[in-house]
Amino acid sequence: MGLLEQCEELFKTSNLYEVLGVAKGASDAEVRRAYYKVSLQVHPDRAPDDRRATEKFQALGKVYAVLSDKEQRAVYDEQGIVDEESVSVDQDRNWEEYWRLLFPKITVEDILNFEKKYKGTEEERQDVCRLYVQFEGDMDQIMGSALCCTHEDEPRIAAIIQGAIAAGDVPTFRTFTHESDKKKKSRKRRADKEQKEAEEMQKEMGVNSEDSLVAMLKQRQKSREQGFDSFLSDLEAKYSKKGGKAGAGKKGKK
């Protein structure tokens, strides 16, 4: 299956720009940041309940590899085709390693600082609105995909959406405006269960200080030195300056 077919199956669109949630004329920096944020939502470590998370993560790596290469992007823009035999979309490529090359490690404190600066910004508002439209108002999926977001943020996220609807920035979806109490309570139960599991993990790690979050993150980073450690990569796109390279071969049509 070619990349465009994969995108259609996994993301319900074969348009590479739509997969990343950017416009066709997006700058290289905008494409990189979009790839970073979307890939966080489907990384296997962050989406354990999504059985196709690995496939989605790999597909996103290929999408970015195409759009970050000037020659391949130009061909795609003009002809709607992808070089399926290019090194950049090689099926056997290690996409976790590719991620690491693009997004060098940062500190835990950077992640926490990013969260503080991100919340309440216009960027967050735009991201939430995009997710609202993408998932047609399904708060389960919106809350599961929003960055730097826990169940405690739900009233704030809902308020952002309500404000956007009132302003005419997004359409009204009945799924959102008429969500049942049963569904809301079910989401709350899942969140409480996840919180309990997190607290149990803290106890197992012997974490009991006010800085428990930082301590837990550092402990997890240390225990996964030989792994991908994507849990600590939330800010890495801000500091990366590398990109992919092109190859040559047969084409896949849009």
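Visitor: At what angle do helix H3 and H4 pack, and how far apart are their axes?
Guide: This is a predicted model. In it, H3 (residues 28–42) packs on H4 at an angle of about 175°, and the axes are 9 Å apart.

Visitor: Parallel or antiparallel, then?
Guide: Roughly antiparallel, because angles over 145 degrees count that way.

Visitor: Which residues make the contact?
Guide: From H3, Val31, Arg32, Tyr35, Val38, Ser39 and Val42. H4 brings Ala53, Lys56, Phe57, Leu60, Gly61, Tyr64 and Leu67.

Visitor: How many are nonpolar, polar and charged?
Guide: The contact of H3 with H4 has 9 nonpolar, 2 polar and 2 charged residues.

Visitor: Switching to H1. What angle does H1 make with H4?
Guide: About 135°, with the axes of H1 (residues 3–11) and H4 (residues 53–67) 10 Å apart. That pair is therefore oblique.

Visitor: Left-handed or right-handed crossing?
Guide: Left-handed.

Visitor: And who touches whom there?
Guide: On H1, the residues are Leu3, Gln6, Cys7, Leu10 and Phe11. On H4, they are Glu55, Lys56, Ala59, Leu60, Lys62, Val63 and Val66. By class, that contact has 8 nonpolar, 1 polar and 3 charged residues.

Visitor: Is H4 itself buried or exposed?
Guide: Largely enclosed by the rest of the structure, because 12 of its 15 residues are buried. Among the buried ones are Phe57, Leu60, Tyr64 and Leu67. Lys56 and Lys62 are buried too.

Visitor: What span should H4 have, at 1.5 Å a residue?
Guide: Its 15 residues should span 21 Å. The end C-alpha atoms of H4 are 21 Å apart, which agrees.

Note on methods. Residues are numbered from 1 along each chain as its sequence is written. This is a predicted model: local features need pLDDT of at least 70, side-chain atom pairs count only at pLDDT 80 or more; totals for chains, interfaces and linings use all residues. Side-chain values use heavy atoms; hydrogens and water are left out. Axes are lines fitted to C-alpha atoms, for helices over the stretch in contact, and angles run from 0 to 180 degrees between N-to-C directions. Helices (H or I, at least four residues) and strands (E, at least two) are DSSP runs, numbered from the N terminus. Angles under 35 degrees count as roughly parallel, over 145 as roughly antiparallel, 65 to 115 as roughly perpendicular and the rest as oblique. A crossing is left-handed if the near helix is turned anticlockwise from the far one by less than a right angle, and right-handed if clockwise. Contact means heavy atoms within 4.5 Å. Ala, Val, Leu, Ile, Met, Phe, Trp, Tyr, Cys and Pro count as nonpolar, Asp, Glu, Lys and Arg as charged, and the others, Gly among them, as polar. The expected span of a helix is 1.5 Å times one less than its number of residues. Buried means under 20% relative accessible area, exposed over 50%, partly exposed in between (1.4 Å probe, protein chains only).
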